[in-house]
Amino acid sequence: MFWLKKIVSQLFMPIPLVLFILLLAFIVIRNRQRSRLLLFIAASLLIILSSGWGSNALLKPLENSYVVNNSPIEQGCLVMVLGSGHDENPSLTAVQQLSTTALARLTEGLRQLSLGQDCKLVVSGWSGGLATRSHADVMFDAAVELGVDPSVIIKFPLAKDTIEEAQFMRWEVADAPFRLVTSASHMPRAMAIFENADLNVSAAPTDFAQRQTYWWRFDAMSLLNSQRAIHEYLGLAWFKIKHQGRTATEASNNVNNDESAMSSF
């Protein structure tokens, strides 16, 4: 189900979606009216999604849901940084292996640590099926390179997605309060998932993607930002249909079943 979800969601991303519509236009090329309509839809989507105003319109409801968190951490200083991605390359430092998103999240996580005392840092993320090391391991090394004491870092190297990250966190801290660091566009979905797991969480968004640009400018960065927003809307819809409203115990049983199934291979 995990990989099926990933594959199906890709069909709704900007480039695959536009390519699919163009393919349909080619298939029905004998029907000029339908073919022209499909070409118009494909062109319109590409124009809107690759523009600054289009991507900002998609990102705004997501990124404006939570503001930057500058509040001191009074008690139970615990900061969790959600996983993102990295490119495994032994010739690079751990920090240099992190994606721009992962580096932005980790940097904000370290800033959040400075807002409290005797803080612990939680990093998470699996290997993604491509790398030999988990993302949590690389984030651990990167945090140490940036000055964090290894003894205060907790790793969740088996968590594949945000739902599993929330479940691992529940097992680790129960109802203890903690700061959650992730990209601003991802924060609404992450908070919905963590709150649904009955966790005492507060948001610390980072990696804001909205940007000022000329209305006539169309570029790959805007297309990427549109993709980021679409991914989050799909994720929110899937979570509300599949998971929201389940008790934490039910979620825990499902994760346990998944891990048992994986261990049988």
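This is a predicted model: local features need pLDDT of at least 70, side-chain atom pairs count only at pLDDT 80 or more; totals for chains, interfaces and linings use all residues.
Colleague: Is the link of Cys77 and Cys119 right-handed or left-handed?

Modeller: The angle about the S-S bond is what is given for this link, and its value is 85 degrees. With that angle, the link of Cys77 and Cys119 is right-handed.

Colleague: Do Cys77 and Cys119 count as buried or exposed?

Modeller: Buried means under 20% relative accessible area. Cys77 has 8% relative accessibility, and Cys119 has 11%. Cys77 therefore counts as buried, and Cys119 also counts as buried.

Colleague: Which helix supplies the largest share of the lining of the largest pocket?

Modeller: The largest pocket holds about 1600 Å³ of space and is lined by 48 residues. Helix H1 (2-10), H6, helix H8 (162-173), helix H9 (187-196) and helix H10 (220-242) each supply at least two residues of that lining. The largest share, 11 residues, comes from H10.

Colleague: How many residues of the lining of the largest pocket are charged, and which residues lie nearest its centre?

Modeller: By residue class, the lining has 20 nonpolar and 19 polar members, and the charged ones number nine. Nearest the centre of the largest pocket lie Lys6, Gln10, Arg189, His231 and Glu232.

Colleague: Which strands pair with S4, and in what sense?

Modeller: Strand S4 (residues 178-183) is mostly covered, with six of its six residues buried. Three bridges link S4 to S1, and Val81 has Val181 in S4 as its bridge partner. Six bridges join S4 to strand S5 (residues 201-206), where Pro205 is the bridge partner of Thr182. S1 pairs with S4 in the parallel sense, and S5 and S4 also run parallel.

Colleague: What is the handedness of the β-α-β unit that S4, H9 and S5 make?

Modeller: S4 and S5 run parallel, and H9 is the helix of the unit they make. H9 also supplies at least two residues of the lining of the largest pocket. The β-α-β unit of S4, H9 and S5 is right-handed.

Terms used. Residues are numbered from 1 along each chain as its sequence is written. Side-chain values use heavy atoms; hydrogens and water are left out. A disulfide is a pair of cysteine sulfur atoms within 2.5 Å. Buried means under 20% relative accessible area, exposed over 50%, partly exposed in between (1.4 Å probe, protein chains only). On a 1 Å grid over the protein atoms alone, a cavity is a set of points where a 1.4 Å probe fits but cannot get out, and a pocket is an open set with protein on both sides within 12 Å along at least five of seven lines; lining residues have an atom within 4 Å of a point. Grid points are joined across faces, edges and corners, and a volume is the space filled by probe spheres set on the points. Helices (H or I, at least four residues) and strands (E, at least two) are DSSP runs, numbered from the N terminus. Ala, Val, Leu, Ile, Met, Phe, Trp, Tyr, Cys and Pro count as nonpolar, Asp, Glu, Lys and Arg as charged, and the others, Gly among them, as polar. Two strands pair if DSSP finds at least two bridges between them. A crossover is right-handed if, with the strands pointing away from the viewer, the path from the first strand over the helix to the second runs clockwise.
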